[in-house]
Amino acid sequence: MATTKMLTLKDIEPGQVCIVEGLGTKSILRKRIIDMGVTIGTKIEVRKLAPLGDPMEIYIRGYHLSLRKAEAAEVVVRMV
């Protein structure tokens, strides 16, 4: 049985797809992320990174969303 390495969304490169496995504990940031539709079990594709890597553009639930590194670091994912 293969083990799955857990990463944060911040670690995912453009073109890669992942599934949300968990969210961080910073309550204000957690609520903001959930309000944007980033919930456990949701599939995310990282589309592109800004030249300095912040923000990142993701494709989730049929729309594009920009997240800052601080927000992406709170989203625990696994690769698909």
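Okay, so this protein has 2 helices and 6 strands, where helices (H or I, at least four residues) and strands (E, at least two) are DSSP runs, numbered from the N terminus. Going along the sequence, you get the pattern β-β-α-β-β-β-α-β. The radius of gyration, taken over C-alpha atoms, is 12 Å, close to the 12 Å that the globule rule gives for 80 residues, so the protein is as compact as a globular protein of that length. That rule is 2.2 Å times the number of residues to the power 0.38.

Quick word on the source: this is a predicted model, where local features need pLDDT of at least 70, side-chain atom pairs count only at pLDDT 80 or more, and totals for chains, interfaces and linings use all residues. Residues are numbered from 1 along each chain as its sequence is written, and side-chain values use heavy atoms, with hydrogens and water left out.

Now, the inside. Of the 80 residues, 36% count as buried, meaning under 20% relative accessible area with a 1.4 Å probe, protein chains only. A nonpolar core is a set of buried Ala, Val, Leu, Ile, Met, Phe, Trp, Tyr and Cys residues joined through side-chain atoms within 4.5 Å. The largest one here has 20 residues, and Leu-9, Val-38, Ile-44, Ile-58 and Val-75 touch the most other members. Elements giving two or more residues to this core include helix 1 (27-35) and strand 3 (43-49).

So what is Ile-44 in contact with, leaving aside neighbours within four places in sequence? Its partners include Leu-9, Val-38 and Ile-58, with contact meaning heavy atoms within 4.5 Å.

Terms used
Buried means under 20% relative accessible area, exposed over 50%, partly exposed in between (1.4 Å probe, protein chains only).
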